[in-house]
Amino acid sequence: MVENWEVLTLRGLASTDERAQEFTGTLVIHRVGSAEPVESIQVSIKRSVLTELHENLGRLLVRSTGVARRKG
């Protein structure tokens, strides 16, 4: 059986410098329908994954809310 999790937030995402290729932070999640407390998991995320998320989430938000993209 597949467990369903809800992403609550990503805290403290940071890197050692502005040219870093990897970032670390804490992913805060909660099992859907559970009375158990939230889970905090230390994560490392590569720059390429953040770039992909940025592009995909941007498109999703524009389509779902009708927000106009800024030009420039």
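# Salt bridges and a nonpolar surface patch

The side chains of Arg-31 and Glu-36 form a salt bridge with an N to O distance of 3.5 Å, the term meaning a side-chain nitrogen of Lys or Arg within 4 Å of a carboxyl oxygen of Asp or Glu. The structure is a predicted model, in which local features need pLDDT of at least 70 and side-chain atom pairs count only at pLDDT 80 or more, whereas totals for chains, interfaces and linings use all residues. Residues are numbered from 1 along each chain as its sequence is written, and side-chain values use heavy atoms, with hydrogens and water left out. A search of the whole structure finds 3 salt bridges.

**The network around Arg-31**

- Glu-3, Arg-31 and Glu-36 are linked in a network of salt bridges.
- Arg-31 also forms a salt bridge with Glu-3, where the closest N and O atoms are 3.0 Å apart.
- Because Arg-31 lies in strand S2 (residues 22-31) and Glu-3 in the segment before strand S1 (5-14), this pair ties together parts that are 28 residues apart in sequence; strands (E, at least two residues) and helices (H or I, at least four) are DSSP runs, numbered from the N terminus.
- Arg-31 is partly exposed at a relative accessible area of 25%, a class that lies between buried (under 20%) and exposed (over 50%), with a 1.4 Å probe and protein chains only.
- Glu-3 is partly exposed at 48% relative accessibility, and Glu-36 counts as partly exposed at 41%.

**The Lys-46 and Glu-22 pair**

- Lys-46 and Glu-22 meet through their side chains in a salt bridge of 3.3 Å, N to O.
- This pair links distant parts of the chain, with Lys-46 in strand S3 (residues 39-46) and Glu-22 in strand S2, 24 residues apart.
- Lys-46 has a relative accessible area of 48% and is partly exposed, as is Glu-22 with 39%.

**The nonpolar patch**

- Val-49, Leu-53, Leu-57 and Leu-60 make a nonpolar surface patch of about 320 Å².
- Patches are made of residues with over 30% relative accessible area and no salt bridge, like charges being joined within 9 Å and nonpolar side chains (Val, Leu, Ile, Met, Phe, Trp, Tyr) within 5 Å; accessible areas come from the Shrake-Rupley method with a 1.4 Å probe, and for residues only the protein chains shown count as cover.
- Leu-60 is placed in helix H1 (residues 47-65), and Leu-60 is partly exposed, with a relative accessible area of 42%.
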